[in-house]
Amino acid sequence: MSLSLRLTGARVLLPEGLADTDLNLAAGRITDARQPREIDLSGFLVLPGLVDAHGDGFEKHLAPRRGAMKDIGQGLIAAEAELAANGITTAVLAQFYSWEGGMRGPDFAERVFTGLEEVRPRLDTTLIPQLRFETPMLDDYDAMQAMLRRFAIPYVVFNDHLPHDALEKGKRPPRLTGQALRIGRNPEKHLEYMQGLHARMGEVPAALDTLTKSLAAEGIRMGSHDDRTQAQRDRWHDMGVRLAEFPETQEAAEAARATGDGVILGAPNVVRGGSHNGNVSAIDLAAMGLCDALASDYHYPSLRRAAFLLADGGVCDLAGAWSLVSAGPARLLGLDDRGRLTPGQRADLVILDATTRDICATISGGRLTHLRGEAAARFLA
């Protein structure tokens, strides 16, 4: 059952900023109707639940050691616990469909999506599957679309991680042997497969045109990944791919903004103070207004930390910074029922210690998904 509560005493983050006001929850929603049961949250902050537009941190729960991939469902339940502990009430699970094989291969993607369907009725956090598809896999275009339909996957992101420079020069890509052995593939066969994909790159643009038109007709949301140039981003826009994940340059981010496409940046980039591989700083792009959403990428705790770093650093106020991890990503994902603590919205919220900013409780759709410390004492009193 969802909670029917009146939260009092806390500072509540509304769209216009922090306010000293009560917050009422009933039937899984924020409501104007005063609820009889009161929880005193003096000394706490109440903010919208975090919406993660792209993350693969769940992978470590599915296979903490090589070969330990026996029960995908239990891994996803463990991943939900980590999401909730980090204040995340909606999460996009970014699952590869890649020539790299192993946990990034099509067979594993099938297992992940099957497991998600099985455990979803037992979860309270909204988990949205995303398929990260490697565009050179021309022979898999039909199978990929069939997977999208079979599991009702609403979101596809296009990648190309082939080491084209090495393959073009006839060189053996770095780490190929270790990568092949890790997935149980003969290194020479793996190299031959990669070379075959590279040799057909001239066919990819036309195939992508057909594929994106088909996906758009089915209402599937599409994103590009790691764009570097205006030409790349404009090409994706022309194909109906309206989200730009982790653009690597200011030029690519500006190109997305110029065509009205959404820009998703990495929260770890903000926390680190810059990109780990020398790409454009997410802090700089946010300061220029070239960010619609921050995503956890590979580290769930970074979402909360990045929002506070932007606010504390004067890049934007707290309402603006928090919108990058709540209302902003919700809008990009077409989820207009969450991301703001206003009447009628889903009761998705996170409760933080006002001094330490530690997450003490998470409520998703009016249901407690995480509770600890003094906040637990207040709820259970």
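User: Which strand is E134 found in?

Analyst: Quick heads-up: this is a predicted model, where local features need pLDDT of at least 70, side-chain atom pairs count only at pLDDT 80 or more, and totals for chains, interfaces and linings use all residues. Residues are numbered from 1 along each chain as its sequence is written, and side-chain values use heavy atoms, with hydrogens and water left out. Strands here are DSSP runs of E, at least two residues, numbered from the N terminus. E134 belongs to the one spanning residues 126–134, strand β10.

User: How far from E134 is the nearest side chain of opposite charge?

Analyst: E134 is buried, meaning under 20% relative accessible area with a 1.4 Å probe, protein chains only. E134 has no salt bridge, which would take a side-chain nitrogen of Lys or Arg within 4 Å of a carboxyl oxygen of Asp or Glu. Lys and Arg count as positive, Asp and Glu as negative, while His and the chain ends are not counted. The nearest opposite charge is on R132, at 6.4 Å.

User: Is D52 buried or exposed?

Analyst: D52 sits in strand β8, residues 50–55. Setting aside neighbours within four places in sequence, D52 has contacts (heavy atoms within 4.5 Å) that include I88, T90 and Y300. D52 has no salt bridge, with K60, the nearest side chain of opposite charge, 10 Å away, and D52 is buried.

User: In β4, which residue is the bridge partner of L7?

Analyst: Strands β1 (residues 5–8) and β4 (residues 23–26) run antiparallel and are joined by three bridges. The β4 partner of L7 is L23.

User: What is the relative accessible area of T356?

Analyst: T356 is in the loop between β16 (349–353) and β17 (359–364). T356 counts as partly exposed, the range between buried and exposed, where exposed is over 50%. Its value is 44%.

Conventions
Pairing = 2+ DSSP bridges. Helix = DSSP H or I, 4+ residues; strand = E, 2+ residues; numbered from the N terminus.
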